[in-house]
Every structure is written in structure tokens, then in C-alpha cells.
Amino acid sequence: MIEFDKFTLKNGLRVIVHRDETTPMAAVNILYNIGAKDENPERTGFAHLFEHLMFGGSINIPNYDEPLQMVGGDNNAWTNNDITNYYLTVPKANLETAFWLESDRMLSLAFSEKSLEVQRSVVIEEFKQRYFNQPYGDVWLHLRPLAYKEHPYQWPTIGKSIDHIEKATLEEVKDFFFHHYAPNNAIMVVAGNVDTQQVKELAEKWFGPIEKRELATRNLPEEPIQNEFRSKRIDSNVPLDAIYMAFHMGRRMDEDFYIIDLVSDVLSNGQSSRIFQSLVKEKNLFSSIDAYITGEFEPGLFLITGKLVKGVSMETAEAAIWEELNKIATIKVDEYELQKVKNKVESTLVFSEISYLNKAMNLATHELLGDANDINKEVEKYQKVSVDDLLNSSAKIFRKENCSTLYYYSKK
Amino acid sequence: MENLYRNTAPKFKTVDSIEILPSQKHSLSNHIPVHIINGGSQDVVKIEFVFNAGIWQQKKPLIATLTNSMLNEGTTSLTASEIAEKFDFLGAHIGFSTSKHEASVTLYSLKKHFSETLELTADLIKNSIFPEKEFKTILTNRKQQYQVDHQKTNVLAKEKFTELIYGKNHPYSNSYNISEFDNCSLQEVKEFYQTNYTASNCHIIIAGKVDEDVLTQVDNLFGENKWLKQSELIDHTYQNIGSKEKTAFVCKEDAVQSTIRIGRKLFTKTHPDYTGIQLLNLILGGYFGSRLMQNIREDKGYTYGINSIMLSHLKEGHFVIVTEVGAEVCKAAVQEIFLEIKRLREELVSEDELSLVKNYFSGEMLRNLDSPFALSDGLRGNLPFGLDNTYFAKFIKDLKAVSAERLMQLANEYLKAEDLYLVVCGPKECEDALVTIN
């Protein structure tokens with residue numbers, strides 16, 4: 001049970017406070033309700049590039065990092081297709097420094113031409129490092145547009161291509177800021193060795209004066225239902241053949257989300273899971289294989305990714321995966337197996353609650369999705385899942401016409 | 001309402017000392033040392049069994065890691081899949097890791113299932129049988145992973161760099177050819193297990209909710225006199241042959257970035273200059289605000305990231321700068337790195353920068369040592385040096401005393417350009433980056 005207090009400032013900023021006395025630290029996590037899905041299709045990668053610019057100085061504070069480091073703090077941020085999340089940790093006595101820094105960059109950035117120029121280059125190097133300088137690094141650049149034809153999930157957070165990032169202008173940066181970065185589009189969680197009264201005072205003092213802003217309306221295109229099998233072949237300079245299969249599934253908040261998450265656990269969570277035991281250990285078809293869900297807010301993907309053992313043909317490997325998928329879609333999982341994955345989920349949640357920062361991020365996400373207190377209902381939602389649920393959801397998802405497959409061949 | 005001065009930083013406090021949850025030392029009935037860190041908010045236990053069974057102790061490449069990672073592949077009473085099934089059902093996680101001098105088995109368990117999960121752990125530590133089929137599967141998969149890893153410029157550069165400073169066959173370099181996968185036998189793995197995974201070669205670290213029950217259960221399962229018979233441990237010695245050649249280029253024609261490694265061999269954390277070098281390392285490339293990060297990334301945009309590390313193995317250590325940069329700016333990046341090192345030798349660090357890094361470093365330690373699990377990792381790293389976690393308090397105290405003059409002396413002693421090794425891995429066009437220091 002994670003206890004917390006919640007209040008909202010007049011400008012719409014939602015604030016959540018969670019006290020954890022076991023740490024001498026305090027975390028401030030600010031989630032902005034803006035992700036890669038909100039981008040113009042001609043300017044993809046912008047939300048993430050923007051995240052970099054948030055460290056380039058704000059209206060009254062020329063350097064974000066230095067004052068934070070001076071008080072023993074540390075920070076980072078990440079962007080995904082749905083949200084942009086900023087977090088920092090400081091020794092508890094220095095909490096006010098965090099409020100000072102975060103409120104100023106919510107108020108306004110410095111918008112420096114130099115910062116934009118440098119961060120464009122940094123992000124381009126990040127693009128190269130992660131997507132082009134690693135074997136199999138470009139998989140998502142191929143798989144997303146194969147699975148999504150209309151919805152903006154068709155591009156990865158880094159963007160469709162490097163030239164989109166090269167084109168970003170300072171005007172676009174300003175425009176983006178004032179339409180998405182606002183107290184009424186953010187959720188702040190303060191967690192660790194803190195108390196609510198102190199947080200209330202600091203929040204009123206530093207964030208209270210920031211004006212509410214008019215937000216861009218979100219109008220995401222609906223992804224049409226896929227009704228035929230899609231595939232793409234890549235021949236690349238990699239040592240092993242690999243296969244990537246993507247199936248459409250529902251939203252994070254759909255009722256069957258927890259069911260499908262458990263389906264992925266039955267298939268691939270832990271060494272006793274089905275596809276590890278059968279395809280890696282018994283049949284020696286794959287050197288590694290995984291099944292997982294993207295967990296995105298809008299209708300997401302169920303993925304199966306595997307590297308083939310040398311000498312195994314793509315057809316054999318693919319057929320073996322389908323055999324496992326057909327099995328779970330036609331024969332009920334037994335009660336013991338379901339109980340096993342439920343136990344694992346429960347244990348994972350207990351361990352994840354060790355970290356105050358982790359709790360802060362999760363509270364923010366749950367609040368955005370509906371209610372921070374849902375964090376305390378997760379175990380119950382998993383416990384309610386039945387073997388019939390697993391069967392029905394598997395049958396719904398694991399159909400050939402709902403599948404996009406990327407065949408990644410080694411040229412060697 | 002009070003006036004808001006947004007351009008003035010609020011008052012703050014520096015971290016002058018940190019309170020560290022102390023560890024207690026016990027021993028089992030058979031004298032295995034047990035270190036306990038009791039605390040935390042969750043009903044969970046982490047127990048780590050550490051054996052002196054690392055890369056250093058093996059006679060051939062791969063043997064130490066294979067032995068360690070095969071411990072859950074079958075025991076005299078359970079098959080690999082039965083073991084996996086039980087751990088998963090109890091929501092426990094069992095991890096295996098091999099480092100230069102040690103190998104360990106770590107169990108993360110809910111407290112309520114500890115007796116069952118510990119029993120399983122005892123079985124695989126004491127009664128492993130290393131089946132042939134599982135051995136073959138693991139070898140195949142590891143070999144494939146090796147092939148994937150060796151497509152990466154950072155892996156290739158790291159191998160070449162440690163080869164240059166320690167010598168190809170030294171355990172701290174641990175680079176080996178792919179043919180080794182076809183050269184190792186199950187017999188060697190079994191022998192390594194028999195010799196090294198014994199009660200007399202083990203110590204235990206327990207963290208989390210550790211009560212009397214936990215200790216009794218551990219003593220019942222591991223306190224008996226002989227689990228695996230005592231064996232003669234060989235004290236391996238290695239010749240450390242650093243290369244005379246100070247630079248190397250590894251060609252990876254299809255790479256879109258090149259990896260740069262610059263550094264040298266140094267000492268371990270027991271050396272009197274270690275604290276000072278850590279601070280110097282921090283200033284140069286040890287955190288986001290570091291000079292290299294500010295120059296190479298935040299000013300020039302050459303890279304997504306650049307870091308420097310001071311690493312202490314048990315017998316020796318090394319200092320190294322690592323980055324991946326666009327091929328077209330490789331030479332310029334190398335030059336800038338050498339310039340930043342030169343600045344450390346020739347200019348005093350300002351008082352502002354010095355207090356900033358000291359504050360940041362103490363905050364970082366407070367942050368990283370705030371839970372029993374984190375402290376157990378710290379303790380594991382300290383024990384081989386004859387230290388415990390009181391080391392951290394002393395470290396902070398010593399750190400605060402380092403002056404700008406001392407840092408300049410250290411830079412002149414340890415960071416001379418002619419003592420540094422340089423490795424670049426990338427497309428052919430990057431080879432001229434080596435010219436910089438020749």
C-alpha cells in the first residue's frame with residue numbers, strides 16, 4: 001500500500017506527495033502530458049529533442065545542472081511515445097532548490113539558438129549510437145511503420161529520420177513549449193523524506209504564480225483494424241538471423257490489459273516460461289527469445305522477438321513460435337501456471353516499491369491515466385484474471401491477419 | 001506574500017557526513033563469514049553467496065563464467081526446468097555473476113518464502129551436476145552473443161584497450177578468440193566447481209529484513225562442516241605486460257560512429273592517492289557537469305555522451321575515458337580530450353568548481369547508499385580490500401580535504417600525455433585521430 005496526499009493548484013498543476021522515511025533523499029518527478037504521438041508527421045523526434053532543450057537554461061536561470069549539482073542533486077529525463085518525464089533527487093534539506101529550478105523551466109525556457117544547434121547534433125549522435133551503430137539497432141524504424149499505418153505510433157521516439165531533427169527551428173521550439181508545457185498539462189510527484197505541508201508551501205510559492213496555458217488539442221488518428229498479414233524482409237550486416245513479430249492489442253486502460261500482460265508472462269517471464277523452455281532449451285531453435293507488451297496508452301503492441309540459432313531456417317523458427325501461440329490461444333493454461341505468473345507479478349511489485357523514485361514515477365503515470373490510487377489496485381486487477389480470460393484474449397490477438405513480421409536476415 | 005527572486009538560488013546545506021546503516025559480522029557454525037545489513041521498508045531478503053571463483057582463478061577463458069551460470073542447470077535431485085519452475089512460482093529471483101576475482105549467487109526473495117527459496121539455492125550451490133545437453137545449449141547461445149557483441153565498436157575498443165594496458169592474457173583484460181567456445185570441456189567446468197565452490201572459499205552477505213529466523217535457516221543449510229570437500233586452491237599469478245605501443249586503431253568499416261578510449265593503468269582503492277584521483281576523474285568526466293561532457297557534448301555536440309571512469313580491481317586499477325563520436329569529428333574529439341587533460345595539469349581548479357564537485361560527490365554517495373540492498377553491493381566491493389562500509393564515511397572526509405593544488409599535482413603525476421594509451425575503433429577515415437598524440 002503506497003500512501004500519498006494529493007492537491008491541485010489554481011493553475012491546474014496536480015501535486016502528489018508520498019512520504020518514505022527510509023531514505024535521506026527527496027525526489028521530484030514532473031510528468032508532462034506530451035509525447036512523440038503528438039508530433040507533426042513531418043517533424044518527428046521533436047518531443048525528445050525538446051526534452052534535451054529543457055536542460056539548456058530557463059528564463060531566470062542560465063544553467064539548470066550546475067545549481068542542482070551544487071546542492072548534491074542529480075537529474076535526468078526520458079521521453080516515450082506518450083509522455084515526457086523529468087526527475088531529480090536531492091538530499092532532503094535541499095528540496096527547495098528543486099522547486100526553484102523546476103518552476104523556472106515550467107515558467108519559460110531561455111530559448112537559446114546555441115542550445116538548439118548543439119542539442120540537434122547531440123540528438124543526431126544519439127540517433128546514430130542507438131539505431132545505426134548497434135547490430136539490429138534499426139528494428140523499430142522498420143517494425144513500427146509496418147504495424148501502424150495511420151496512428152503516430154508508427155515512428156519511434158527518436159523520430160523517423162535524422163533529417164527531421166536537422167530541420168527543427170527555434171520558432172517551432174517556442175510554439176511547442178507554450179502549447180504543451182504548462183502547469184495544467186503536468187503532474188508533479190514529490191517522494192522521499194518529505195512532508196505534505198512543506199511541499200504545499202513550496203508548491204504554492206514557486207509554481208503557484210505560473211499562468212495556466214491554452215493547450216493544443218490532441219486529435220490522434222485511429223489506427224484502422226489490420227486485416228491481412230504484413231511482413232518485411234531486411235538483409236543486414238549482422239551475425240545472426242532474427243525475427244520480430246508484432247500483434248495489435250488494446251490500450252493501457254482497457255480491461256484486458258492485465259490479462260494480456262499475464263499472457264506475455266506465461267510465454268516469457270522467467271526461465272520456467274513457455275517459450276524459453278520450449279524454443280531455447282528443448283528445441284534449441286533460438287539463442288534468445290522474448291515476448292512482451294509495449295504498454296502504451298493508445299492501442300499498443302504485443303511483441304515477440306528472437307535470435308535464431310545458426311543453421312535453423314526462418315520458416316522453422318517462425319512455425320515454432322506460431323505453434324506456441326496457437327497452443328495458448330486454443331488450450332487453457334492450467335491454474336498452477338496462472339498462479340505462478342500472478343505470484344511473480346506480486347513479487348515484482350513488492351521489490352519495485354523499495355525505490356522512492358520508482359514510486360514517484362509510477363504515481364505520476366497512474367494519476368495521468370486516471371487516478372494515482374490505481375497504483376494500489378494493480379495486484380487485485382492481476383489476481384482477478386482467470387484461465388478463461390487468458391484463452392479468450394490470446395485467441396483474439398494471436399491471429400495471422402493481426403500480425404506484422406519483420407524477417408531480419410544476416411548477409412554473411 | 002514574500003517576494004520571489006527567481007534568479008537567486010535558495011539557501012542550501014552541504015552533505016558533510018553520511019549516516020550509513022552499519023553491517024554486523026557473524027559466522028556460521030563452520031566459520032563461513034556472514035555480513036548482515038538489516039533494514040528497509042519491504043518484507044524482502046537479498047542473500048549473496050560470494051566465492052573466490054572469478055576470472056582470476058580459471059585456467060582457461062570462459063570456465064569461471066560458464067561454471068557460475070550453469071549452477072541452476074540441474075542438481076542431483078532437480079532438473080533445470082524444475083529449478084526454474086520453483087523459483088518462479090515463489091516469485092523469487094536468482095542471479096549469477098562472475099567478476100575478476102569472485103563469482104556469486106544472489107537470491108532475492110519475499111521474506112515469507114525465504115525458507116523454501118533458500119533451500120533451492122543451497123541445492124544448486126552444493127549439488128549441481130552440469131548436464132551435457134544444457135552445457136551445449138549454453139555454449140551455442142554464448143557464442144552467438146559473442147558474435148553480436150563483437151559487431152559493436154565499444155566492445156572492440158574496450159578489448160583492445162585492456163589488452164594494451166594489461167596484456168592479452170591477463171585476467172583484467174580477459175579478451176579471447178571465438179575459437180575458445182569450441183575448446184572448453186564440461187570436465188573443466190566440473191573441476192572448477194569442485195575446487196572453488198566450497199564452504200572454505202565462501203562468504204555471505206544478507207540484506208533486508210534479516211531476523212533470527214533467517215540466520216538459523218542459513219546456518220542449518222550452509223553451516224554444516226563439509227559441503228563439497230575441501231580442496232587445494234591454486235594461487236594464480238599473472239605477468240602484467242603492458243604494451244610499449246601506446247596507440248591502436250581497430251578498423252570497423254561499416255560503423256557510423258567511432259569509439260574512443262583514452263587512459264592508463266593505475267592503482268587500487270587502497271592507494272593513498274585514490275580519493276584524489278577519484279575527484280580529479282569526476283571533474284574531468286565523472287558526471288554530467290564534467291568538463292568533457294560540457295566541452296565535447298554540450299558545447300560541440302560531437303557525442304551523445306562522454307565519461308571517464310576510475311576502476312579499482314583487487315590488485316590493480318585503471319583510468320579510462322570513453323565516448324562514441326561521429327566519424328567525421330573523431331580527430332577533433334581526441335584533440336579536445338587531450339586539451340582538457342592538459343588543462344588539469346596546467347590550471348588550478350577554481351574554488352567554485354571544487355566545491356561543486358565535492359558537494360555533488362557527497363550527494364551522490366548519499367543517494368547511492370540509501371538502502372540495505374545498495375549497501376550490500378557496496379560492502380561486497382569493499383570486503384576483498386579488507387574494508388567494510390565505514391570506508392565510505394572516511395572517503396567523504398578525505399574527499400573534502402583535497403585542495404586544488406593537490407589536484408594539479410596529481411594530474412601532473414598521473415595524467416601526463418605520454419603515459420596515456422589511445423584506442424580508436426571505427427571506419428578507416430578515423431585512423432588519423434591517432435596522429436594526435438604521436
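Within chain A of this predicted model, 31 residues of domain 1 are in contact with 25 residues of domain 2. Which elements give two or more residues to the domain 1 side of this contact? They are strand E2 (14-19), strand E3 (25-32), strand E5, helix H5 (139-147) and strand E6 (186-192) of chain A. Helix H5 of chain A gives the most, with five residues. By residue class, the side of domain 1 that touches domain 2 divides into 16 nonpolar, 10 polar and five charged residues.

Let me place the two domains for you. Domain 1 of chain A covers residues 5-206, and domain 2 of chain A covers residues 230-410. Taken over C-alpha atoms, the centres of these two domains of chain A are separated by 28 Å.

I turn now to the contact between the chains. Here, 61 residues of chain A are in contact with 58 residues of chain B. On the side of chain A that touches chain B, the elements that each supply at least two residues are helix H2 (65-70), strand E5 (84-91), helix H3 (95-107), helix H4 (113-132), helix H10 (274-282), strand E9 (286-293) and helix H12 (335-352). Which of the elements of chain A gives the most to this side? It is helix H4 of chain A, with eight residues. The residues on this side of chain A divide into 21 nonpolar, 23 polar and 17 charged.

Finally, please look at strand E5 of chain A. Strand E5 supplies at least two residues to the side of chain A that touches chain B, and strand E5 also gives two or more residues to the side of domain 1 that touches domain 2 of chain A.

How values were computed:
Residues are numbered from 1 along each chain as its sequence is written. Chains are lettered from A and ligands numbered from 1 in the order in which they are written. This is a predicted model: local features need pLDDT of at least 70, side-chain atom pairs count only at pLDDT 80 or more; totals for chains, interfaces and linings use all residues. Two residues are in contact if their C-beta atoms, placed from the backbone, lie within 7 Å. Helices (H or I, at least four residues) and strands (E, at least two) are DSSP runs, numbered from the N terminus. Ala, Val, Leu, Ile, Met, Phe, Trp, Tyr, Cys and Pro count as nonpolar, Asp, Glu, Lys and Arg as charged, and the others, Gly among them, as polar. Domain bounds come from an automatic or database domain assignment.
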